[in-house]
Amino acid sequence: MTRSEKPFLRALAGEALARPPVWLMRQAGRYLPEYRAVRARAGSFLDLCYNPELAAEVTLQPIRRYGLDAAILFSDILVVPHALGQALDYVEGEGPKLAPVTDAAGIGRLSADRLHDVLGPVYETVGRVAGLLPPEVALIGFAGAPWTVATYMVEGGGSKEYAAVKGLAFGAPETFARLVDLLVDATSAYLLRQIAAGAETVQLFDSWAGVLPAAEFDRWVIAPTRRIVDAVRAGAPGVPIIGFPRGAGLLYERYLAGTGVDAVGLDGSVPLDWAARALQPKAAVQGNLDPVFLVTGGDPMIRAADAIVDALGRGPFVFNLGHGVQQRTPPEHVGALVEHLRRKG
């Protein structure tokens, strides 16, 4: 099957399909027993990301189990700062921990000189998966968008208030811009290497886009994303790009216009009728089932999924979640959702 015949890529190209293609953010993860078995063999989470054989295996697991329309590379958005020289660890029960970068001196110690050496195993994973996927299934590469990756780099991990990163961005914007510029260049190069290895589309995750006021959103979300989109388009013409500015609210419309992405991922708070009216005439949309419906399952899940398909299925649309699959999700609920969506066509 050629690229142009794959349902997922047809939707991203602007085609409305009788049955919406479906994949799920975090479709490979701890809710699956087969993932947990591989994770136990790998050692640390970072070891798993950098082990092409095992990372390819967990990328393929949900495709084998559910027959989804797209596989997404198993990796993590923080491999880019790690490859730039920032110390990174994943603490069980706490998440990622990084040595915070808080000033010009810390930014100056980062370097892209070894970017592709460190990330070489990721490109090998992409190549392995591309050679093993069923012909109708597309392969998604991804990276974190500069604002979201920078939040982790400056805060040293997750945050609830984003005080450190906002303080740097608002109070020393020229210094913060140096970090963002480094991330734009590194992320562009990283995505182009994934495409060269076999990724057929790429997604930029901007998970913390919604914490910025409008003017700062323009500067630190839209503008850097546009530069990455332009660089990827220049290096890989025709490869669709999905943006996911989670929490952007009404700024979704400005994001879509300003970044030029081919498709936009919707978080669970985006009103369906507004998305159909304001966004879908301009680009494919992807989303946006609340992941808790997958935990709940049954009729509530099916009704919520049907409402999304009814609202967005008449235009270019990819069914997905508003955020990632939760660890407590019963795998059989995912199977029931996918089977139900298959019957829509």
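**Close-up 1. Helix H2 gives the most to the lining of the largest pocket.** H2 supplies 3 residues to this lining. The model is predicted. The pocket has a volume of about 1300 Å³. Its lining counts 40 residues, and those closest to the pocket centre are Arg26, Arg30, Phe45, Asp76 and Tyr90. Elements giving two or more residues to the lining are helix H2 (33-42), strand S2 (88-91) and strand S3 (95-98). By class, the lining has 20 nonpolar, 12 polar and 8 charged residues.

**Close-up 2. Helix H11 packs with helix H12 at an angle of about 35°.** H11 spans residues 214-235 and H12 spans residues 251-259. Their axes lie 9 Å apart. The crossing of H11 past H12 is right-handed. From H11, the contact draws on Ala214, Phe217, Asp218, Val221, Ile222, Thr225, Arg226 and Val229. H12 answers with Leu251, Arg254, Tyr255, Ala257, Gly258 and Thr259. Sorted by class, this H11–H12 contact holds 8 nonpolar, 3 polar and 3 charged residues.

**Close-up 3. Helices H12 and H13 cross at roughly 30°.** H13 covers residues 272-279. The axes of H12 and H13 come within 11 Å. Angles under 35 degrees count as roughly parallel, so H12 and H13 are roughly parallel to each other. Their crossing is right-handed. Tyr252, Glu253 and Leu256 of H12 touch Trp274, Ala278 and Leu279 of H13. By class, the contact of H12 with H13 has 5 nonpolar residues, no polar residues and 1 charged residue.

Methods. Residues numbered from 1 in each chain as written. Predicted model: local features only at pLDDT ≥ 70, side-chain atom pairs only at ≥ 80, totals over all residues. Heavy atoms only, no water. Axes fitted to C-alpha atoms, helices over the stretch in contact; angles between N-to-C directions. Helix = DSSP H or I, 4+ residues; strand = E, 2+ residues; numbered from the N terminus. Left-handed = near helix turned anticlockwise from the far one by under 90°. Contact = heavy atoms within 4.5 Å. Nonpolar A, V, L, I, M, F, W, Y, C, P; charged D, E, K, R; others polar. Parallel < 35°, antiparallel > 145°, perpendicular 65-115°, else oblique. 1 Å grid on protein atoms, 1.4 Å probe; cavity = no way out; pocket = protein on both sides within 12 Å on 5 of 7 lines; lining within 4 Å. Points joined across faces, edges and corners; volume = space filled by probe spheres on them.
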